[in-house]
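User: I would like to go through this structure label by label. Please set each value against its definition.

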Amino acid sequence: MYSPLRRAQRALRLNPRVFFQFPDHVQRPEAGFGKMTWVLARALCHFKPVDLSQVPLRARAQALSLQVAQFSPYPATGHHAVWQKGRALVWYWDQAAVQRSMAEVGLAPRRVQVLPESVLYAPGTSGLRLIGNLQGVEGQCWQQDRLLQ
């Protein structure tokens, strides 16, 4: 049995506000409620696989943060990781630039989930593939269900 409250909660989940950041502009959603998601065009992200399989499970998130700080060229770095066993697929970006763009459209950065465009596509299995994305094409190399580059 559905109550008006339950319908409203469901509507909030089904109508997220998704913003797309390109290098030269931000595309705002037409409408929506609930969770806000900020999608970074592939051109705004860097990718690096990081093997942390030798690090204890409980310490991996912290170890990953230290690794990202070490290899990132930005003073403030945002990142998103997809874990494949002990290996992290890491997309990272200039967090200060992203936060400036969010502020320009009136969003509080702490309330917005940031995702790199690449994680929105279904994973590959093996081989090379080209994916049409927001601004062109992304090349990926997969081997045994693992993204290499």
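Analyst: What follows is a set of questions on the terms used for this chain. The model is predicted, local features need pLDDT of at least 70, side-chain atom pairs count only at pLDDT 80 or more, and totals for chains, interfaces and linings use all residues. Residues are numbered from 1 along each chain as its sequence is written, and side-chain values use heavy atoms, with hydrogens and water left out.

User: What makes up the secondary structure of the chain?

Analyst: Three helices and ten strands. Both are DSSP runs numbered from the N terminus: helices are H or I with at least four residues, strands are E with at least two. The order from the N terminus is α-β-β-β-β-α-β-β-α-β-β-β-β.

User: What is the order of the strands in the mixed sheet, and why is one side of E2 and E7 left without a neighbour?

Analyst: Four strands form that open sheet, in the order E2-E1-E3-E7. E2 (26-27) and E7 stand at the edges with a single partner strand each, so one side of each has no neighbour in the sheet. E3 (residues 36-40) and E7 run parallel and share five bridges. Leu40 faces Pro116 in E7. Helix H3 (residues 95-104) lies across E1 (17-21), E2, E3 and E7, at about 130° to E3. That angle runs from 0 to 180 degrees between N-to-C directions, with axes fitted as lines to C-alpha atoms, for helices over the stretch in contact.

User: What makes E5 and E6 a hairpin?

Analyst: The two strands are separated by two residues. E5 (residues 77-84) and E6 (residues 87-94) pair in the antiparallel sense over eight bridges. Thr77 stands opposite Asp94 in E6. In the turn, Lys85 has a positive phi of about 60°, and Lys85 is a residue other than glycine.

User: Why is Lys85 called exposed?

Analyst: Its relative accessibility is 80%. Exposed means over 50% relative accessible area, buried under 20%, and partly exposed in between (1.4 Å probe, protein chains only).

User: Which label does Phe33 get, buried or exposed?

Analyst: Exposed, at 55% relative accessibility. Phe33 lies in the loop between E2 and E3. The C-alpha atoms of Phe33 and Pro16 are 5.5 Å apart, although 17 residues separate them along the chain.

User: How do you know the label for Gln95, and what does Gln95 touch?

Analyst: Gln95 has 17% relative accessibility, under the 20% limit, and therefore counts as buried. Gln95 is in helix H3. Leaving out residues up to four places away in sequence, Gln95 touches Ala76, Thr77 and Gly78. A contact means heavy atoms within 4.5 Å.

User: What makes Glu138 and Arg42 a salt bridge?

Analyst: Their N to O distance is 3.4 Å. The definition asks for a side-chain nitrogen of Lys or Arg within 4 Å of a carboxyl oxygen of Asp or Glu, so the pair qualifies. The structure holds one salt bridge. This pair links distant parts of the chain, 96 residues apart: Glu138 in E9 (residues 136-143) and Arg42 in the loop between E3 and E4 (46-51). Glu138 is buried at 7%, whereas Arg42 is partly exposed at 22%.

User: What is the nearest side chain of opposite charge to Glu117, and how far away?

Analyst: Arg42, at 7.0 Å. Lys and Arg count as positive, Asp and Glu as negative; His and the chain ends are not counted. Glu117 is buried yet has no salt bridge. The place of Glu117 is the loop between E7 (112-116) and E8 (127-133). Not counting residues up to four places away in sequence, Glu117 touches Val39, Leu40, Ala41, Arg42, Asn133 and Leu134.

Notes. Two strands pair if DSSP finds at least two bridges between them.
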